[in-house]
Amino acid sequence: MSVAGEEAVAISSSFLRIGGLGIALHYADDSLGRGLSATTGRFAVSPIADADLTLTVDYLRERDLAARGELLFESGGVWRLYADGDGYRIECHSAMFGDAPYKIALLNSSFTSGRILLRADADLPTMHPLDYPLDEVLVANLLGRGRGVELHGCGVIDRDGRGHLFVGQSGAGKTTTGKVWLRESGIDIVSDDRVIVRDVDGVLRMFGTPWHGEAELSSASIAPLVGVYILRQAPLTELEALAPATASAMLFGCTFPPFYDPAALAFTIEFLADICARVPVRLLRFTPDESVVAAVRRNG
Amino acid sequence: MTMFVNTLQDVLASGFDARFCASGHSMTPTIRSGEFVRVTRCEETSLRVGDVVLTAAPRGLTAHRIIELDSSRGELRVRTRGDNSLSADAIVPGSAVLGRIAGVERDGRYAAVDSRGALTQQTLAVLRRVRHSLQRRFGRATSNGIPETAQVRALSV
């Protein structure tokens, strides 16, 4: 499979850095490079020479709807992943745009280069090629290839610059926790829904992402990770130490690894174990008030 | 929230639509974070799998797509899921469905979001292409970009 975009000559480009991962987009037509959302725009950067992922963006043509390879993953929602020669094909579907995909991404086997193809009749004036969920799917695949993990959590940078990650599935209280912390001064919430953790120069760091929760909390900030807290709403706030194996398993339930890639799964499990070995991971039973802040500061 | 939900139900029952600002990515691209959605009243019997509905869910007001309708226990039960959510929502009684998300305000215009509206959108897309062809042929703009009578016919689909 060729992902060189043989007929696409870039007219303009834009660059993002999410979780420290550089993404370069080169548009074959100015009409394709419409502005990023306000949230994603916070992750725009100056031109990158060494992007982790380089994408050309062009219009979807009839020939691009050719037969796909094996279905590797059905998200049950908007996107599906297929094999495509040595690489991958991600199709995005929505009932709003009929049965044909409104967007297709073709990636090489290492997810370092590819093409994004947009249907001309799929509401392009308001759609950016990296609009969710494609941006997160691409980043998840980059992370799974030895770069880090994305967790379902709320990342809080306290006034001392240290990062605390509050993890939980939908309804656990991530946004609620973020709102409690925002009552304090000097706090930065990197996201109230998705946070990336990576090892950078031997230090575990927490990265904000554009993918926020109900409170729309998101920033491109980065902080050293000093504690992970698995959320449980309770009548009283208290912390409970967890055995590393238990902590790893609970964190795995809050990650988004490429389930169709055995190597990525293995890396994710190993990385989570590494996090649990290097940073305290505790069960946080909490009531949504200042007792959460006090407990974390007292024990963190 | 109970008072708010009751007020919303009264508004919808009176024949008025409600308008909300959506937050989150669970329904992208159908509904994008920050967009205003229009909620219309709907009867339980009119609900279909694929409809995007507003429910009074345990986590709060949620606009997700119906993936399952179950009447096997006498009363209707509804399960929804965000198009981008990893898991389905908790099943709720049909009475928890406050209304159907009929459309979204996007870029200064209104776009239907329900499965039945997709046909309307496709029809309107065809009409827009026809309009462009007419403009190129005759050099004359039509009002609102679509011939009014044709627009009325499309919206009635």
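Q: In which sense do strand β2 (residues 36-40) of chain B and β7(B) pair, and over how many bridges?

A: First the idea: two strands pair if DSSP finds at least two bridges between them. Helices (H or I, at least four residues) and strands (E, at least two) are DSSP runs, numbered from the N terminus. Here, β2(B) and β7(B) pair in the antiparallel sense over 5 bridges. One pair to look up is B:Phe36, whose bridge partner in β7(B) is B:Glu105. Before we go on, please note that this is a predicted model: local features need pLDDT of at least 70, side-chain atom pairs count only at pLDDT 80 or more, and totals for chains, interfaces and linings use all residues. Residues are numbered from 1 along each chain as its sequence is written, while chains are lettered from A and ligands numbered from 1 in the order in which they are written.

Q: Which strand do 3 bridges join to β7(B), and which strand do 4 bridges join to it?

A: The 3 bridges come from strand β3 (residues 52-57) of chain B, which runs antiparallel to β7(B). There, B:Leu54 stands opposite B:Gly99 of β7(B). The 4 bridges join β7(B) to strand β8 (residues 109-112) of chain B, again antiparallel. In that pairing you can find B:Val104 opposite B:Ala111. β7(B) and β8(B) make a hairpin with 2 residues between the strands, and B:Asp107 takes a positive phi near 55° in it.

Q: Is strand β7 (residues 97-106) of chain B mostly covered or mostly uncovered?

A: We count neighbours: a residue is buried if 20 or more other C-beta atoms lie within 10 Å of its own, exposed if 12 or fewer, and partly exposed in between, with C-beta atoms placed from the backbone. By this count β7(B) is mostly covered, with 8 of its 10 residues buried. Across the 157 residues of chain B, 28% count as buried.

Q: How many helices and strands does chain B have, and in what order do they run?

A: Chain B has 3 helices and 8 strands. Starting at the N terminus, the order is α-β-β-β-β-β-β-β-β-α-α.

Q: How many residues of chain A are in contact with chain B?

A: Two residues are in contact if their C-beta atoms, placed from the backbone, lie within 7 Å. In this model, 18 residues of chain A are in contact with 19 residues of chain B. The side of chain A that touches chain B has 8 nonpolar, 6 polar and 4 charged residues. For these classes, Ala, Val, Leu, Ile, Met, Phe, Trp, Tyr, Cys and Pro count as nonpolar, Asp, Glu, Lys and Arg as charged, and the others, Gly among them, as polar.

Q: Into which domains is chain A divided?

A: Domain bounds come from an automatic or database domain assignment. Chain A is divided into domain 1 (12-144) and domain 2 (149-299). Their C-alpha centres lie 27 Å apart. The contact takes 17 residues from domain 1 of chain A and 22 residues from domain 2 of chain A. On the domain 1 side, α1 (38-41), β4 (71-74) and α2 (134-144) of chain A each supply at least two residues. The largest share of that side, 6 residues, comes from α2(A).

Q: Which residues of helix α4 (residues 244-252) of chain A are buried?

A: They are A:Ala247, A:Ser248 and A:Leu251. These residues cover an arc of only 100° around the axis, so they sit on the same side of α4(A). The arc is that of the directions from the helix axis to the C-beta atoms. The buried residues of α4(A) pack against β9 (149-157), β10 (163-167), α5 (262-278) and β16 (281-286) of chain A.
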